Amino acid sequence: EAGVTRPKGYNVSFHCNPDMEKHHFGQTHPMKPWRLTLSKSLIYSYGMSFAMDNYISRAATYEELASFHATDYLDFLGTVLPEPVPFDVENPNPDLKFNLGGSDCPLFEGLYDYCSMSAGGALDAARKLCTKQSDIAIAWGGGLHHAKKSEASGFCYINDIVIAILQLLRCYPRVLYIDIDVHHGDGVEEAFFSTDRVMTVSFHKYDPQNFFPGTGALDDNGPQSEHNPGSHHAINVPLNDGITDEQYDWLFNSVIGKCIEKFRPSAIALQCGADSLAGDRLGRFNLQVQGHGACVDFCKRVGIPLILFGGGGYTPRNVARAWTYETSIAIDHQDKLKHMIPTHTPWRDHFRHETLFPTLEQILGEPRPNRNTQKKLQDIVQHVTEQLRFVQA
Ligand code: V1P
Ligand code: CA
Ligand code: ZN
């Protein structure tokens with residue numbers, strides 16, 4: 001086009017829905033949808049919207065949600081009313097089912113709308129990759145990896161990731177799903193247990209007795225049978241508290257490098273849960289914004305269609321930092337950010353008490369003792385290598 005100079009690099013699309021961010025899980029609940037507003041205002045305050053295609057996403061339709069979820073579950077989700085607060089933990093409402101209600105997956109006003117908006121953004125992002133209008137599509141409002149076909153779990157009601165991957169599978173033969181949230185991506189793993197067209201890889205803290213959801217051991221590679229094409233296509237990287245950028249980077253490069261070599265994906269779906277950062281209210285790792293962002297950078301460099309989802313993240317200012325930095329990686333502006341101070345007001349209001357010039361890369365929180373030995377990490381890579389011997393693209 002005459003007169004228009006498109007910046008070099010990738011076409012990036014950004015999908016969000018401001019109505020999603022207004023919902024509340026409850027005063028004491030760690031999931032704060034307004035972290036999305038904080039992230040977005042930080043992203044916009046750096047001027048990044050000028051380097052992306054920005055879309056207000058629509059809500060997913062019932063039929064779209066039903067591409068994965070059972071209709072009796074969706075029907076119940078659509079009609080169930082909020083519980084009186086505070087609810088009685090000793091005597092849960094007997095009319096509730098599908099793990100709805102209670103502390104992890106409370107019923108709040110507009111719940112169904114919130115869920116369909118999260119899925120709508122993820123689905124819009126996946127469609128942009130299918131039509132090749134985008135090379136990288138970002139849906140920070142998605143990433144709710146614990147939701148099952150007929151069950152809510154761990155703050156997740158609708159599995160927008162599964163719905164988006166099902167869309168990608170219409171136009172791409174093989175999708176590699178990677179999950180860097182501190183929790184195990186159990187819902188996505190289970191959804192694709194029986195297909196060899198999706199490989200799932202989750203990095204997470206693993207301590208079955210004490211850390212949610214308790215699944216994702218190294219040797220959990222899905223139901224193993226010669227009749228199941230999906231055997232060996234679930235990879236788990238269980239970790240201890242305090243893992244550092246340096247270790248994570250080495251592990252991510254080794255594990256994902258090998259998965260790509262063997263599986264030869266045609267698209268990558270990356271869940272960027274920010275609760276793996278140091279200082280997270282629920283997480284236990286020591287990752288910095290750079291280490292977390294290095295995973296996005298690695299996936300971008302593979303050079304195939306990439307969808308980025310949000311996920312967990314319970315220290316909102318750190319979530320905003322990480323997803324802002326990762327948006328800048330997508331548009332290839334990460335080096336420019338170092339010389340910029342954002343101007344937008346919400347950023348100032350939220351961050352002014354921290355430091356004189358808050359930077360993206362300095363996150364809140366004291367480091368935890370690192371309980372991951374180099375031997376443990378080597379054993380993980382060894383096990384993954386052995387699993388991948390069974391995988392043939
Ligand atoms: O530990 C549990 C359940 C409750 N117990 C019976 C076991 N739940 C966790 C759920 C964490 C969900 C993480 C979601 C994600 O992966 C994706 C969005 O990040 C939990 C925790 C915790 N510390 O692990 N729930 C809560 N804390 C919680 C705290 C206060 C109010 C409500 C829930
Ligand atoms: Ca994970
Ligand atoms: Zn999480």
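Reply: Helices (H or I, at least four residues) and strands (E, at least two) are DSSP runs, numbered from the N terminus. This is a predicted model, in which local features need pLDDT of at least 70, side-chain atom pairs count only at pLDDT 80 or more, and totals for chains, interfaces and linings use all residues. Residues are numbered from 1 along each chain as its sequence is written, while chains are lettered from A and ligands numbered from 1 in the order in which they are written.

Me: Where does Asn99 lie, and is Asn99 buried, partly exposed or exposed?

Reply: A residue is buried if 20 or more other C-beta atoms lie within 10 Å of its own, exposed if 12 or fewer, and partly exposed in between, with C-beta atoms placed from the backbone. Asn99 sits in the loop between helix H3 (71-79) and H4, and is partly exposed, with 18 other C-beta atoms within 10 Å. Its phi is near 60°, a positive value in a residue other than glycine. Lys132, in the loop between H4 and strand E3 (136-139), also is not a glycine and has a positive phi, of about 65°. Lys132 counts as exposed, having 10 C-beta neighbours inside 10 Å.

Me: How is the packing of H7 and H12 described?

Reply: Two packed helices are described by the angle between their axes and the distance between the axes. Axes are lines fitted to C-alpha atoms, for helices over the stretch in contact, and angles run from 0 to 180 degrees between N-to-C directions. Here the axes of H7 (residues 245-263) and H12 (residues 374-388) come within 10 Å and cross at roughly 5°. H7 is therefore roughly parallel to H12 (angles under 35 degrees count as roughly parallel, over 145 as roughly antiparallel, 65 to 115 as roughly perpendicular and the rest as oblique).

Me: Which residues of H7 and H12 meet?

Reply: Two residues are in contact if their C-beta atoms, placed from the backbone, lie within 7 Å. Among those of H7 are Trp250, Leu251 and Val255, and among those of H12 are Ile380, Val381 and Val384.

Me: Which residues join Pro213 by a cis peptide bond, and where is Pro213 placed?

Reply: The cis bond joins Phe212 and Pro213, with omega about -10°. Pro213 belongs to the loop between strand E5 (198-205) and strand E6 (234-239).
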